[in-house]
Amino acid sequence: MVRVTTDSTPPSRDPHPGPRADARLDALLDPETVATSDLVDLLAAICDVPSVSGDEAALADAVERVLRAQPHLDVLRDGDALVARTRLGRARRVVLAGHLDTVPLTDPPNLPARLQSAADGTVEMWGRGTVDMKGGVAIMLALAVELGRAGSEPAHDVTYVFYDHEEVEASLSGLGRLVRNHPEALEGDVAILGESSNNGIEGGCNGTLRVEVRTHGVAAHSARAWAGVNAIHAAAPVLDRLAAYEAREVEVDGLVYRESLGAVGIRGGIAGNVVPDACTVTVNYRFAPSRGVAEAEAHVRELFEGFEVVVTDAAPGARPGLDDPLVADFAAAVQAATGTAPTPKYGWTDVARFAELGIPAVNFGPGDPVLAHKDDERLPVARLAVGRDALRGWLLGGPAGGVDSLES
Ligand SMILES: [Zn+2]
């Protein structure tokens, strides 16, 4: 049991509790007791196996042991990613996906996770991963153990995907690796990512494009600046155009996506007495999912006409998919259970990888996305059961009752 404390001093214990935390997971997910076992304890146990990107093996091992102990699941492991599938022969298959890794711990470490009461009495769990996104992982793991056993059979087949390396460069992504190595294991009719969304549905995501706008000059001694051409000064019109830029708001499938475009870096100059001969402004454009990468690039090139523009990174967005009947049914169920209407997701998430596979995908998780990656990352623990019950109720065939209508 995790104790609630009102002590606000940061924890200083060793954040590497080792195999004991794994044993806690196994005990909490005993098939006989999981339906009633405490999600708060489960989240604490998952958080207390630290899993900063690249260091997910211990947590993946623990999750794998739990999944392999379930006779109703077929389990596949690839590196530190796991895919577990029910095989009930249902007409539709729902994919629940979540990443096991977190961003690095703070100094001193913000683990082990601890419970603390806020001023208004809300009990929150503090610690790395509580928001992004072990709350979602805890819900998925509890459902993986529960749904599929006699008496708790879901209306759809379910695939659970736990993966590594989400918080680092895209080329390392465990989900990307699964797409390359085992695309058949990811097949489904809808994907639900447990990324933070305040227990509402956040649909789709904006795309992202990063470019370097480069200016050139002629180097000279700064004491005789007239002998050179200053490349930083030449970048002034680039900054003017950025400052004057008005970002669009675009409606896609009923949700309004807000775009943004701005400088995220500027580089130029080699010494305090040299007229710089090169300057680079790095610009990031977050574009609505109605626009593809090529169109986004064309837009940015038009904005910086007359300048050298080099694309350094790009990823397409994803449409919210709310026009899909199964997604709409899930959205209705969530709204009925939590009172929250669907909203757009602005940040890029792995829903886009599912969209590329042709699988509509949404984000649905208990955390507050504003607190992701922050030093004071924390989750009001009552949200765990609310999120679990909404997902569980829908998978079991209620409370929206849309399953029958879908079969017709
Ligand atoms: Zn995340």
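Predicted model: local features only at pLDDT ≥ 70, side-chain atom pairs only at ≥ 80, totals over all residues.
Which residue of E16 is the bridge partner of Gly-262?

**View 1. Pairing of strands E14 and E16.** Strand E14 spans residues 260-268 and runs antiparallel to E16, to which eight bridges join it. Within this pairing, Gly-262 has Asn-284 of E16 as its bridge partner.

**View 2. Pairing of strands E10 and E16.** E10 comprises residues 207-216 and E16 comprises residues 278-287. The two strands run antiparallel and are joined by ten bridges. One of the residues involved is Val-213, which is partnered by Val-281 in E16.

**View 3. Domain 1 and domain 2.** Domain 1 is made up of two segments, 4-204 and 318-407, while domain 2 covers 207-315. Their C-alpha centres are 37 Å apart. To the contact, domain 1 contributes 14 residues and domain 2 contributes twelve residues. On the side of domain 1 that touches domain 2, nine residues are nonpolar, three are polar and two are charged.

**View 4. Crossing of helices H9 and H11.** The axes of H9 (residues 325-338) and H11 (residues 382-395) come within 9 Å and cross at roughly 140 degrees. Angles over 145 degrees count as roughly antiparallel and 65 to 115 as roughly perpendicular; the two helices are therefore oblique to each other. The crossing of H9 past H11 is right-handed. H9 makes the contact through Phe-330, Ala-333, Val-334, Ala-337 and Thr-338, and H11 through Val-386, Asp-389, Ala-390, Gly-393 and Trp-394. Classified by type, the residues in this contact are seven nonpolar, two polar and one charged.

Definitions and conventions: Residues numbered from 1 in each chain as written. Domains from an automatic or database assignment. Contact = placed C-beta atoms within 7 Å. Nonpolar A, V, L, I, M, F, W, Y, C, P; charged D, E, K, R; others polar. Pairing = 2+ DSSP bridges. Helix = DSSP H or I, 4+ residues; strand = E, 2+ residues; numbered from the N terminus. Axes fitted to C-alpha atoms, helices over the stretch in contact; angles between N-to-C directions. Parallel < 35°, antiparallel > 145°, perpendicular 65-115°, else oblique. Left-handed = near helix turned anticlockwise from the far one by under 90°.
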